[in-house]
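Biologist: Could you walk me through this structure? I would like to see how each answer is reached.

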Amino acid sequence: MNDDASPAVRLPRARALLLPGLLLLAAAGALLALRRPLMMSAPACLAGRWDHCLGTFNGVVLMTLLTVPLSLLVAWVLARRRRAAGAPDAWRLSLAEVGMVHGTAPWVWMTMMPGPGAGVVPGRVTLVPLRDLVTMGPLGLGGNLLVFAALGFFAPVRWAALASPARLLVLGAGCSVLVETAQYALRLDRVSSVDDVMVNATGALLAGLASRRWWRAPAPAPAPDRTA
């Protein structure tokens, strides 16, 4: 009997470890691919020169990767507290909460970095669709797809209300509009573009579809009362 039951017991545990395992593999792959440019920012970051560390794209990416263990520790603490309280899906919810913050905040920080003419150059807005898309290049296109990718990946895992492609698209577009509006209002010497909103929203949607098997199912509707 024990031999027959053990695979059934191990299967949920393996599924619970699949998501953190994929996150670790993704972080390791990114670190390996970007190790040379990231090492250029390592001395400033390790020396605590935050203006030279967090003021560069390479420095932000390096600090994001280095703080992955800290984020996993926070997720572990949250999961333990949820388990102690008897909450279901403790690991999944905790990883989703920490993952969406850890994977989104650095990208938003990078998009809000001021340009050389910040505070002097007036805000610029491009409302013509597809006008800036052809000038983004592979690096710019990939970066824009990743800005809200973590949010799109983890939000429907955490909240059943967002477990819909249409709602993920609206979520990504709404967050992107807020960022583009802030860039314009703060005069950061960056172009606020409708193409950025489109690509950011698409990235959130594609990442959300990649996590579809872990989406949180909506609560069942209450049964109708037939006592009357």
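Biologist: Which residue forms a disulfide with Cys 45?

Modeller: Keep in mind that this is a predicted model. Sulfur atoms of two cysteines count as a disulfide when they lie within 2.5 Å. The sulfur atom of Cys 45 is 1.9 Å from that of its partner, and the partner is Cys 53.

Biologist: Is that disulfide of Cys 45 and Cys 53 right-handed or left-handed?

Modeller: Happy to take that one. The torsion about the S-S bond of Cys 45 and Cys 53 is about 90°. The disulfide is therefore right-handed.

Biologist: Are Cys 45 and Cys 53 buried or exposed?

Modeller: The cut-off for buried is under 20% relative accessible area. Cys 45 falls in that class, and so does Cys 53: both are buried.

Biologist: Let's turn to the aromatic rings. What kind of aromatic pair do Phe 153 and Phe 154 form?

Modeller: The count of aromatic pairs comes to 2. In the pair of Phe 153 and Phe 154, the centres are 4.9 Å apart and the planes are at 70°. Planes over 60 degrees apart count as edge-to-face, so the pair of Phe 153 and Phe 154 is edge-to-face.

Biologist: And what kind of pair do Phe 153 and Trp 214 make?

Modeller: Their ring centres lie 6.2 Å apart, with the planes at 50°. Both Phe 153 and Trp 214 are buried. Because of that 50° angle, the pair is tilted.

Biologist: How many residues apart in sequence are the parts that Phe 153 and Trp 214 tie together?

Modeller: Phe 153 belongs to helix H9 (residues 149-158), while Trp 214 sits in the segment after H11. Phe 153, Phe 154 and Trp 214 form one aromatic cluster. The parts that the pair of Phe 153 and Trp 214 ties together are apart in sequence by 61 residues.

Biologist: At what angle do helix H10 and helix H11 pack?

Modeller: H10 covers residues 165-185 and H11 covers residues 194-210. Their axes are 8 Å apart, and the crossing is right-handed. Among the contact residues are Leu 168 and Gly 172 of H10 and Ala 201 and Leu 205 of H11. By class, the contact has 10 nonpolar, 5 polar and 2 charged residues, and the angle between H10 and H11 is about 140°.

Terms used:
Residues numbered from 1 in each chain as written. Predicted model: local features only at pLDDT ≥ 70, side-chain atom pairs only at ≥ 80, totals over all residues. Heavy atoms only, no water. Axes fitted to C-alpha atoms, helices over the stretch in contact; angles between N-to-C directions. Helix = DSSP H or I, 4+ residues; strand = E, 2+ residues; numbered from the N terminus. Left-handed = near helix turned anticlockwise from the far one by under 90°. Contact = heavy atoms within 4.5 Å. Nonpolar A, V, L, I, M, F, W, Y, C, P; charged D, E, K, R; others polar. Buried < 20%, exposed > 50% of the residue type's maximum accessible area, 1.4 Å probe, protein only. Phe/Tyr/Trp six-rings, centres within 6.5 Å; stacked < 30°, edge-to-face > 60°.
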